[in-house]
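Dear colleague,

I am handing over the structure below, and my notes on what was found in it follow directly after. Please read them with the structure open beside you.

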Amino acid sequence: MSAHTSQMDDIRLVAQPSALPVTELFVRLILTDWSLLPMLEQVTATAKRLVEAVVDASDPKAPAFVTLRLRLRAEVLSIEVDDDVPGRPEPQARPGERLGVAPADGGGRTTWCELPLPGGMTARQVRLPRRQERRTLVDEPVSGDPVVADPEVLERLLTRLSGWSGQS
């Protein structure tokens, strides 16, 4: 895998069938944010295929967790899936994919797939949104006071969802 990361976003899911539509929505939101919608179909299909393999191998009575990560580096968009489901077979690369499996930090494994960015562009050329320092979305309660969501986060989510047609 390439060394320098320009941008990275991830989501942790329970390895249940509901993880697949969430994967699709996550990919759509991130690629919209990164102005990489020409890659939407290929990245969505690949991410869903990698997450689905974990869902299929996971015990439905005690499902595993799966982390889906999208990363921009050099001339590629990397799709990474972390899991700790033992005995899963190695995935097969499809045309145009560079795919592999590596031990994950803290145990388990990371299945990764690199897809070339469109038009020979590099990660540094991808127009990224301006982001402030990452902070916790919800403050930890110190007292018995109710916890509320950050209005800025809710506004961003609603804005992104209103632009999504729901069609693949």
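R88 is found in the loop between β3 and β4, the latter strand covering residues 98-103, where helices (H or I, at least four residues) and strands (E, at least two) are DSSP runs numbered from the N terminus. This is a predicted model, in which local features need pLDDT of at least 70 and side-chain atom pairs count only at pLDDT 80 or more, while totals for chains, interfaces and linings use all residues. Residues are numbered from 1 along each chain as its sequence is written, and side-chain values use heavy atoms, with hydrogens and water left out.

R88 counts as buried because its relative accessibility is 10%; buried means under 20% relative accessible area, exposed means over 50%, and partly exposed lies in between, with a 1.4 Å probe and protein chains only. Leaving out residues up to four places away in sequence, R88 touches A53, V54, A57, D83, R109 and T111, a contact being heavy atoms within 4.5 Å. With one of these, D83, the side chain of R88 forms a salt bridge of 2.9 Å, N to O, that is, a side-chain nitrogen of Lys or Arg within 4 Å of a carboxyl oxygen of Asp or Glu. D83 is buried, as R88 is.

V85 is placed in the loop between β3 and β4 as well, and V85 counts as buried because its relative accessibility is 10%. Although V85 and A57 are 28 residues apart in sequence, their C-alpha atoms are 6.9 Å apart in space. Apart from residues up to four places away in sequence, V85 touches V54, A57, S58 and A64.

The structure holds nine salt bridges in total. One of them joins the side chains of R69 and D82 at 2.5 Å, N to O, and this pair links distant parts of the chain, since R69 belongs to strand β2 and D82 to strand β3, 13 residues apart. Both R69 and D82 are buried. Another salt bridge brings together the side chains of E80 and R73 at 2.7 Å, N to O. E80 is buried because its relative accessible area is 3%, and R73 counts as buried because its relative accessibility is 7%. Through salt bridges that share partners, R69, R71, R73, E80 and D82 are joined into one network.

Turning to the chain as a whole, the protein has three helices and five strands, which follow one another along the sequence in the pattern β-α-α-β-β-β-β-α. Of its 168 residues, 37% count as buried. Where contacts between residues at least 6 apart in sequence are considered, 67% of them join residues at least 24 apart. The accessible surface comes to about 10,400 Å², and 54% of this belongs to carbon and sulfur atoms; such areas come from the Shrake-Rupley method with a 1.4 Å probe, and for residues only the protein chains shown count as cover.

In soluble globular proteins, nonpolar side chains tend to be buried together. Here the largest nonpolar core has 33 residues, and those with the most contacts inside it are L31, W34, L36, V43, L70, L77 and I79; a nonpolar core is a set of buried Ala, Val, Leu, Ile, Met, Phe, Trp, Tyr and Cys residues joined through side-chain atoms within 4.5 Å. At least two residues of this core come from each of α1 (19-33), α2 (40-57), β2 (65-73), β3 (76-83) and β5 (109-116), and α2 gives the most, with seven residues. L36, leaving aside neighbours within four places in sequence, is in contact with L31, L72, L77, L117, P118, M121 and V126.

Most residues other than glycine have a negative phi. S35, in the loop between α1 and α2, has a positive phi near 60 degrees, and S35 is partly exposed because its relative accessible area is 33%. A74, in the loop between β2 and β3, has a positive phi near 45 degrees, and A74 counts as partly exposed because its relative accessibility is 28%.

L157 lies in helix α3, residues 151-162, and L157 counts as partly exposed because its relative accessibility is 39%.

With best regards
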